Each structure stands twice: as structure tokens, then as C-alpha cells.
Amino acid sequence: MIELDISTAVALYLFLTVIGLLILWLIFDRDTKPKLYTSEKKSIWQCEICTHTYVDSQHDVISKCPQCSSYNKRKEATP
Ligand SMILES: [Zn+2]
């Protein structure tokens with residue numbers, strides 16, 4: 001078995017934790033980056049049922065209204 005003193009073990013633990021968080025940060029940041037540069041108008045939805053206006057940047061085609069829980073489809077003809 002490899003013998004470690006307590007300071008080396010703590011330093012190794014912190015190093016591996018930071019590396020793990022860095023990898024997770026890179027994975028999730030790569031997923032969110034393209035959505036940061038999309039236009040703001042694409043994420044604004046108006047519900048066809050209750051006319052509630054809300055922001056949903058997660059979905060592009062179909063979005064769920066937070067007020068009445070109905071599904072709204074993106075109209076392609078909007079300029
Ligand atoms: Zn609604």
C-alpha cells in the first residue's frame with residue numbers, strides 16, 4: 001500500500017475535486033454556450049390559450065406555458 005502523510009492526502013483530494021469540478025464545468029458550459037448567442041426574441045413565447053408572455057430559452061419548437069400548462073408551437077413565419 002502507498003503510504004501518504006495527511007497533508008499530501010488532503011492536497012491530492014482537493015486537487016482531484018478541483019479537476020472533477022473543472023471537467024463538469026466544461027461539460028455543462030459547452031452545452032449552454034450556443035444558447036447564449038441566440039437572439040433574445042427566439043426565447044420569448046406567447047401562449048395561444050391564455051396569451052401569457054414568458055421566456056423559455058430551453059426549447060425551440062414546442063414550449064410549455066408556465067401559467068396554464070398548455071403546449072405552444074413556434075410559428076415559423078414570424079420575421
Ligand atoms: Zn398559457
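This is a predicted model: local features need pLDDT of at least 70, side-chain atom pairs count only at pLDDT 80 or more; totals for chains, interfaces and linings use all residues.
Buried residues make up 5% of the 79 residues in the chain, where a residue is called buried if 20 or more other C-beta atoms lie within 10 Å of its own, exposed if 12 or fewer do, and partly exposed in between, with C-beta atoms placed from the backbone. Residues are numbered from 1 along each chain as its sequence is written.

Let me turn to the contacts. Among the contacts in the chain with a separation of 6 or more, 8% join residues 24 or more positions apart; a contact here requires C-beta atoms, placed from the backbone, within 7 Å.

Next, the secondary structure. The chain has one helix and four strands, taken as DSSP runs numbered from the N terminus, with helices being H or I of at least four residues and strands E of at least two. Read from the N terminus, the order is α-β-β-β-β.

I would like to consider strand E1, which covers residues 44–46. Ile-44 belongs to this strand. Which residues does Ile-44 touch, not counting those up to four places away in sequence? They are Thr-53 and Val-55. The C-alpha atoms of Ile-44 and Val-55 are separated by 4.6 Å, with the two residues 11 apart along the chain. Is Ile-44 buried or exposed? Ile-44 is exposed, because 12 other C-beta atoms lie within 10 Å.

Gln-46 also has its place in E1. Gln-46 counts as exposed because it has 12 other C-beta atoms within 10 Å. Leaving aside neighbours within four places in sequence, Gln-46 is in contact with Thr-51 and Thr-53. Further along the chain, Lys-73 is 27 residues from Gln-46, and their C-alpha atoms are separated by 9.9 Å.

Thr-51 leads us to the loops. Thr-51 sits in the loop between E1 and strand E2, residues 53–55. Its phi is near 55°, a positive value in a residue other than glycine. Thr-51 is exposed, since 10 other C-beta atoms are found within 10 Å.

Finally, I come to Ser-69, in the loop between strand E3 (62–64) and strand E4 (71–73). What is the phi of Ser-69? It is positive, at about 65°, although Ser-69 is not a glycine. With 10 other C-beta atoms within 10 Å, Ser-69 is therefore exposed.

Methods:
Two residues are in contact if their C-beta atoms, placed from the backbone, lie within 7 Å.
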